[in-house]
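Biologist: I would like to go through this structure with you, a few helices at a time. Could you show it to me before we start?

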Amino acid sequence: MGQSTSKPREPLSRERILRTAVTLADELGVEALTMRRLGQALGVEAMSLYKHVVNKDDILDGIVDLVIGEIELPSAPPDWRTAMWQRAASARDVLARHPWAVGLMESRRHPGPATLHYHDWVLGQLRAGGFSVEMAAHAFAVLDSFIFGFAIQEASLPFDTSDEAAAVADEIMQQMADGAYPHLVEIATGHVMQPGYSFADEFEFGLELILDGLERARDAG
């Protein structure tokens with residue numbers, strides 16, 4: 001008899017459970033993440049999961065920590081602005097891959113090591129950049145509010161490309177009575193429907209605006 005060529009199944013572990021949970025949340029949304037569905041995806045009974053995780057809240061804590069751990073934090077940025085820019089750009093990319101995570105990132109009562117490291121790193125870069133303790137807290141709050149808010153807005157848009165944006169804008173304008181909303185028509189025809197338009201450009205504009213304001217506030221303080 002020939003030897004079996006089937007690979008042994010990867011043993012169940014906390015890391016495997018959490019990574020599978022992230023995949024399910026990406027595919028179905030975090031609301032659809034249940035112990036039963038997670039067990040099915042792993043090929044085990046749901047009760048087997050409890051040997052490695054406490055409950056669903058423990059899973060949510062874990063998958064949020066995994067997502068935050070994907071954010072790239074430069075090891076030796078030349079200055080605080082570069083540090084904030086690079087981590088903001090990476091966070092936006094990560095949240096585009098895991099849009100469900102935005103609503104959970106600040107809601108967990110038991111942050112994991114990646115989450116704690118992320119917060120400590122951001123505050124450390126700001127403090128090293130000359131921000132007082134109070135101003136570092138203000139800067140952290142306003143930057144993350146912008147990053148998270150932009151991620152939600154970007155994920156909710158009914159278009160992905162400039163051509164699709166123009167088509168959506170044109171469809172909306174066709175529903176308007178002539179002369180009813182002149183400023184909306186102006187921004188649609190003069191901006192959104194122009195070749196090369198990308199809503200993503202608003203991220204760079206907004207981030208630079210905030211960094212400029214924070215720098216002025218730091219210097220004034």
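**Starting with Ile17**

Modeller: Ile17 lies in helix α1 (residues 14-28), where helices are DSSP runs of H or I with at least four residues, and are numbered from the N terminus. Please keep in mind that this is a predicted model, in which local features need pLDDT of at least 70 and side-chain atom pairs count only at pLDDT 80 or more, while totals for chains, interfaces and linings use all residues. Residues are numbered from 1 along each chain as its sequence is written, and side-chain values use heavy atoms, with hydrogens and water left out.

Biologist: Okay, is Ile17 buried or exposed?

Modeller: Ile17 counts as buried because its relative accessibility is 0%; buried means under 20% relative accessible area, exposed means over 50%, and partly exposed is in between, using a 1.4 Å probe and protein chains only.

Biologist: And what does Ile17 touch?

Modeller: Not counting residues up to four places away in sequence, Ile17 touches Leu12, Leu38, Leu42, Leu49, His52 and Val53, where contact means heavy atoms within 4.5 Å. For Leu38, which is 21 residues apart from Ile17 along the chain, the C-alpha atoms of the two are separated by 7.7 Å.

Biologist: How do α1 and α2 cross, then?

Modeller: The axes of α1 and helix α2 (residues 35-42) come within 10 Å and cross at roughly 110°. The axes are lines fitted to C-alpha atoms, for helices over the stretch in contact, and the angles run from 0 to 180 degrees between N-to-C directions. The two helices, α1 and α2, are therefore roughly perpendicular to each other; angles of 65 to 115 degrees count as roughly perpendicular, those under 35 as roughly parallel, those over 145 as roughly antiparallel, and the rest as oblique.

Biologist: Which residues make that contact?

Modeller: From α1 the contact uses Arg16, Ile17, Thr20, Ala21, Leu24 and Leu28, and from α2 it uses Arg37, Leu38, Ala41 and Leu42. Sorted by class, the contact of α1 with α2 has seven nonpolar, one polar and two charged residues, where Ala, Val, Leu, Ile, Met, Phe, Trp, Tyr, Cys and Pro count as nonpolar, Asp, Glu, Lys and Arg as charged, and the others, Gly among them, as polar.

Biologist: Let's change topic. At what angle do α4 and α5 pack?

Modeller: Helix α4 (residues 80-97) and helix α5 (residues 113-128) pack at an angle of about 150°, and their axes are 9 Å apart. That makes α4 roughly antiparallel to α5. On the α4 side the contact is made by Trp80, Ala83, Met84 and Arg87, and on the α5 side by Tyr118, Trp121, Val122, Gln125 and Leu126. This contact of α4 with α5 has seven nonpolar, one polar and one charged residues.

Biologist: What about Ser90 and Ala96, buried or exposed?

Modeller: Ser90, which is found in helix α4, is buried, with a relative accessible area of 10%, and Ser90 touches Glu70, Ile71 and Glu72 when residues up to four places away in sequence are not counted. Ala96 also lies in helix α4, but Ala96 is exposed, with a relative accessible area of 59%.

Biologist: Now the nonpolar core. Which members of the largest one touch the most others?

Modeller: The largest nonpolar core has 62 residues, and Ile59, Ile63, Met84, Trp100 and Leu126 touch the most other members. A nonpolar core is a set of buried Ala, Val, Leu, Ile, Met, Phe, Trp, Tyr and Cys residues joined through side-chain atoms within 4.5 Å. Helix α6 (residues 133-156) gives the largest share of this core, ten residues.

Biologist: What does Met84 touch?

Modeller: Apart from neighbours within four places in sequence, Met84 is in contact with Trp121, Val122, Gln125, Leu126, Leu143 and Leu211.

Biologist: And where is Ala139?

Modeller: Ala139 lies in helix α6 and counts as buried at 0% relative accessibility. The C-alpha atoms of Ala139 and Met84 are separated by 9.9 Å, with the two residues 55 residues apart along the chain.
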